[in-house]
Amino acid sequence: MKAVRFHEFGGPEKLQFEEAPNPKIGPTEVLVKVRACALNHLDIWARRGTRSERIPLPHISGSDISGEVAEVGSLVIEHSNAEKVLIVPGISCGICDYCSNGWDSLCESYKIIGYETQGGYAEYVAVPGTNILPIPDKLSFEQAASVPLVFLTAWHMLVTRARLVPGETVLVWAAGSGVGSAAVQVAKLLNAKVIATVGSETKIDKAQKLGADFVLNHHTQDVPSEVKRVTNGRKVNVVFDHIGEATWEKSMKS
Ligand SMILES: [Zn+2]
C-alpha cells in the first residue's frame, strides 16, 4: 500500500510518500480502508521524536481516522465489511481500575493509534475491533475524521474534570483551534454560556457560528476585564485553558 512514513526522527523533510507493507490483522482486529485522516499536533511531536522510545520505526502517523471496514478478524462479531466507521484513537486494557472509572488514558497499557502504533497516513490501518464506531449518515468521512482527538480532549476537560452544567459560563481560549472549536460545541451542547477568544478578526464569525455567545480578540482586548464586563462582574465558572503559561495568569483572573 501507499503510506507517508518516517524512518528517523526530525523535521518535515523526514516524511516519505512510499510503498509500505499492508497491515495484517489479528483475530480481534479490523482492517480499515482509510478515507480521511485529520492532522494533529501529536503528529509533529511523533516525527520530532518526543517520547521516541514509544514510537515504532518506520512510523506512520495519523490518529484521527475514518474509513470503511475492509476485513474483520475471526473473533470480531459486531462489524462487517464496507461499514463506514471512525476510529477511537485510545487503546487501553478495558478492565483495570482506571479503565473501569473513565480514566483510561491513565491505564498502564494505554496507547494512541498513530503514535504508539501505526496510523492513518496510509491506505489501510489495522486497529482493535473495539476501537471502531459507525459513522452517522449525515457525517462525511472528512467531518468524521475531524472528531476523535479534539472532542475526546474537550469532553474530558469540560465534562469529566470541570463538570460543566447548564447555565454556567465558560471561557474558551483559542476557539479557532481544533480543541477550542470542539470545546465551544461541547459547552453549547451542555447549555452553558460560552465566551470564546480568537487571535484574528477573521475567526470571529466562525466562533459565533459554532455557538459562542461572546467572542473576544485575545490580541487586541484585555480578556479578564472583558470577561468581567460581559458577566456583570461575576466572572466565569470554568476556564477551558489548553494553552498554558501564556494564558494561565489571565485564566486565573477570569
Ligand atoms: Zn486499563
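Visitor: What makes the site of the zinc ion tetrahedral?

Guide: First, a word on the model: it is predicted, with local features needing pLDDT of at least 70 and side-chain atom pairs pLDDT 80 or more, while totals for chains, interfaces and linings use all residues. Residues are numbered from 1 along each chain as its sequence is written, and side-chain values use heavy atoms, without hydrogens and water. Now the site: four donors count as tetrahedral if all angles lie between 85 and 135 degrees. The 4 donor atoms of the zinc ion make angles of 106 to 115 degrees, so the site is tetrahedral. The ideal angle for four tetrahedral donors is 109.5 degrees.

Visitor: Which residues are the protein donors of the zinc ion?

Guide: Donors are N, O and S atoms within 2.8 Å of the metal (3.2 Å for Na, K and Ca); water is not among the atoms, so sites may look incomplete. The SG atoms of Cys93, Cys96, Cys99 and Cys107 lie 2.3 Å from the zinc ion, so they count as donors. Their spacing in sequence is C-x2-C-x2-C-x7-C.

Visitor: Why is cysteine 99 called buried?

Guide: Buried means under 20% relative accessible area (1.4 Å probe, protein chains only). Cysteine 99 has 14% relative accessibility, so it counts as buried. Cysteine 107, at 7%, is buried too.

Visitor: How do you know that strand β4 and strand β5 pair?

Guide: Two strands pair if DSSP finds at least two bridges between them, strands being DSSP runs of E with at least two residues, numbered from the N terminus. Antiparallel strands β4 (residues 64–72) and β5 (residues 84–87) are joined by 3 bridges, so they pair. Serine 66 has leucine 86 in β5 as its bridge partner.

Methods
Four donors count as tetrahedral if all angles lie between 85 and 135 degrees; four count as square planar and six as octahedral if opposite donors are over 155 degrees apart and all others between 65 and 115; anything else is irregular. Buried means under 20% relative accessible area, exposed over 50%, partly exposed in between (1.4 Å probe, protein chains only). Helices (H or I, at least four residues) and strands (E, at least two) are DSSP runs, numbered from the N terminus.
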